[in-house]
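Reader: I'm new to this one. Can you put it up and walk me through it?
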Amino acid sequence: LGERDRRRCFERSCRALELAGVSGYALWNYTPGSEEKKGDGWNGEFLSIFSQGDPPSPRGGEPPRPLWLRGGRALAPVLR
């Protein structure tokens with residue numbers, strides 16, 4: 001998955017939970033050794049919301065990420 005697909009996946013998952021009226025939920029997928037090229041080693045997918053290697057660069061016009069957000073993936077839909 002690319003960053004765009006990862007964002008869409010989490011956006012749809014979070015939206016479905018919210019529309020279903022779920023009062024609370026947790027998202028968790030942390031694989032410290034995950035990298036964009038090799039994935040996170042789970043089911044051939046790469047859905048980790050953090051990766052130490054190959055952090056995505058900010059999109060055009062975005063300021064650099066603060067240190068505590070570097071390595072974050074699909075943060076816009078996850079951080080609500």
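This is a predicted model: local features need pLDDT of at least 70, side-chain atom pairs count only at pLDDT 80 or more; totals for chains, interfaces and linings use all residues.

Reader: OK. How many salt bridges does a search of the whole structure find?
Author: One salt bridge turns up in the whole structure.

Reader: Which side chains meet in it?
Author: Those of Glu 11 and Arg 15. The distance is 3.2 Å, N to O.

Reader: Why would such side chains pair at all?
Author: Side chains of opposite charge can pair when their charged atoms come close.

Reader: Where do Glu 11 and Arg 15 lie?
Author: Both are in helix α1, which covers residues 3–19. They sit four residues apart, about one turn of the helix. An α-helix has 3.6 residues a turn, so residues three or four places apart point the same way.

Reader: What is the relative accessibility of Glu 11? And of Arg 15?
Author: Glu 11 has 26%, so it counts as partly exposed. Arg 15 has 42%, so Arg 15 is partly exposed too.

Reader: Let's stay with α1. How many residues has it, and how far does it reach?
Author: α1 has 17 residues. From its first C-alpha to its last it reaches 24 Å, close to the 24 Å expected at 1.5 Å a residue.

Reader: Which residues of α1 are buried?
Author: Glu 3, Arg 6, Phe 10 and Cys 14 are buried in α1. They cover an arc of only 65° around the axis, so they are on the same side of α1.

Reader: And which are exposed on the other side?
Author: Arg 4, Arg 12 and Leu 19.

Reader: You mentioned a cysteine. How many disulfides does the search find?
Author: Zero disulfides in the whole structure. Cys 9 is in none, and the nearest cysteine sulfur, that of Cys 14, is 9.1 Å away. A disulfide needs the two sulfur atoms within 2.5 Å.

Reader: Are Cys 9 and Cys 14 buried or partly exposed?
Author: Cys 9 is partly exposed, with a relative accessible area of 30%. Cys 14 is buried, at 0%.

Reader: New topic: the surface. Which residues form a nonpolar patch there?
Author: Val 22, Tyr 25 and Leu 27. Together they have about 210 Å² of accessible area.

Reader: Where is Leu 27 found?
Author: In the loop between α1 and α2, where α2 is residues 75–78. Leu 27 has 31% relative accessibility, so it counts as partly exposed.

Reader: What about Gly 39: where is it found?
Author: Gly 39 is also in the loop between α1 and α2. Its relative accessibility is 10%, so Gly 39 counts as buried. The C-alpha atoms of Gly 39 and Ser 51 are separated by 9.4 Å, and the two residues are 12 apart along the chain.

Reader: Last one. Where is Ala 74 found, and is it buried or exposed?
Author: Ala 74 is in the loop between α1 and α2. Ala 74 is buried, with a relative accessible area of 0%.

Reader: How far are the C-alpha atoms of Ala 74 and Arg 4 separated?
Author: By 7.9 Å, with the two residues 70 apart along the chain.

Note on methods. Residues are numbered from 1 along each chain as its sequence is written. Side-chain values use heavy atoms; hydrogens and water are left out. A salt bridge is a side-chain nitrogen of Lys or Arg within 4 Å of a carboxyl oxygen of Asp or Glu. Helices (H or I, at least four residues) and strands (E, at least two) are DSSP runs, numbered from the N terminus. Buried means under 20% relative accessible area, exposed over 50%, partly exposed in between (1.4 Å probe, protein chains only). Patches are made of residues with over 30% relative accessible area and no salt bridge: like charges are joined within 9 Å, nonpolar side chains (Val, Leu, Ile, Met, Phe, Trp, Tyr) within 5 Å. Accessible areas come from the Shrake-Rupley method with a 1.4 Å probe; for residues, only the protein chains shown count as cover. The expected span of a helix is 1.5 Å times one less than its number of residues. The arc is that of the directions from the helix axis to the C-beta atoms.
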